[in-house]
Amino acid sequence: MKEGANLTMKDIAKELGVSVATVSRALKDSPRISLEKREEIKRYAREHNFFPNMIAETLRKSKKQPLKIIGVIVPQFTHYYFSSILAGIEEEASARGYRVMVAQSDEKYEKEVQICKSFYENKVCGIIVSQAKDTLKYDHFKYLSEKGMPLVFYDRISTGINASRVVVDDYMGAFAAVTHLIDSGCKRIAYYGTYLNLEIGKNRYNGYRDALLKHGITPEERLIRICDNRSDAEAITPDLMEMNNPPDAFFAVNDDTAIGILYSCKRLGFRVPEDVSICGFTNGDRAVACDPMLTTVEQRGVRVGEEAANILIDKVEGALPHDTIEKRIVRTRLIVRGTTR
């Protein structure tokens, strides 16, 4: 007898000598089925790790047309990049006749798990997700995949599950940014990045390191900090700038962090870019609202969102086989402004 994701109501019906309709009603606790029979069927389902595929049931009830609602999980609404991705998802989904249901994980694993459960129970046709920073276990994603729920990751992909994803070329974006800083005469380039358990953190750090090594510069541990927000950047930058031999440039994992560096350096009396150059990564609205305007790597979030929505909808509608793993990369480009020489 098959178990888990491979077990169907038809298999249970055959094993217990009842109809598929009886199994379905029993699992829904219908009073039309005797209590004794309901308990027998539910016990058998539990013992064989069977859970009804609500997505498949919804498709059957809707005459094989999927519910046209896409679940989207955003780590934080306040980030320009995530907002731009969401705009791309919504625009493409709307053009293809779909709506989006959006939830914020607030960078918390437990909340992400609950959102996935809620989306599944609300019968969305698929989920587009960027994982929370502290997500280290992936059982909730594996469960959805085993139940036939199409998943597409964006920006922060899950290394614990083989699923479709859309990312920007983080490595080359970082490599190009640091190369620009070196070409403009900078030698002591500090790096503010995120944790290396996240693929974007690993790829951007590797781009930074490899650009230094290519130009004969040895990375210094004391110039490398875990920092991915403005407030932390403003708090730790004075320590670096008060060193005997301070950095002459910073490369930051995002624009908010870069802007925190900028304002901290200016408060300390350093001139930007004459004394210190600064480069970010996003190219959001804030990059042109600071003084001087920020040199940064453009991520093209709207394009990322459009690609993610297209992959998901193609899977829902059968244009892409369910087991096909799509991996798409959106190219970045360096936008040079006033914070670099």
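Begin by selecting residues 199–214, which form helix α9. Helix α9 has 16 residues and reaches 22 Å from its first C-alpha to its last, close to the 22 Å expected at 1.5 Å a residue, where the expected span is 1.5 Å times one less than the number of residues. The model is predicted, so local features need pLDDT of at least 70 and side-chain atom pairs count only at pLDDT 80 or more, while totals for chains, interfaces and linings use all residues. Residues are numbered from 1 along each chain as its sequence is written, and side-chain values use heavy atoms, with hydrogens and water left out.

Within α9, next highlight the buried residues, among them Ile200, Tyr205, Tyr208 and Leu212; buried means under 20% relative accessible area (1.4 Å probe, protein chains only). Then display the elements against which the buried residues of α9 pack, including α8 (170–183), β5 (164–168) and β9 (277–282).

Now select the whole protein chain. Its secondary structure comes to 12 helices and 12 strands; helices (H or I, at least four residues) and strands (E, at least two) are DSSP runs, numbered from the N terminus. The C-alpha trace spans about 80 × 40 × 35 Å along its principal axes. Of the 341 residues in the chain, 53% are buried. Among contacts (heavy atoms within 4.5 Å) between residues at least 6 apart in sequence, 72% join residues at least 24 apart.

Technical notes. Buried means under 20% relative accessible area, exposed over 50%, partly exposed in between (1.4 Å probe, protein chains only).
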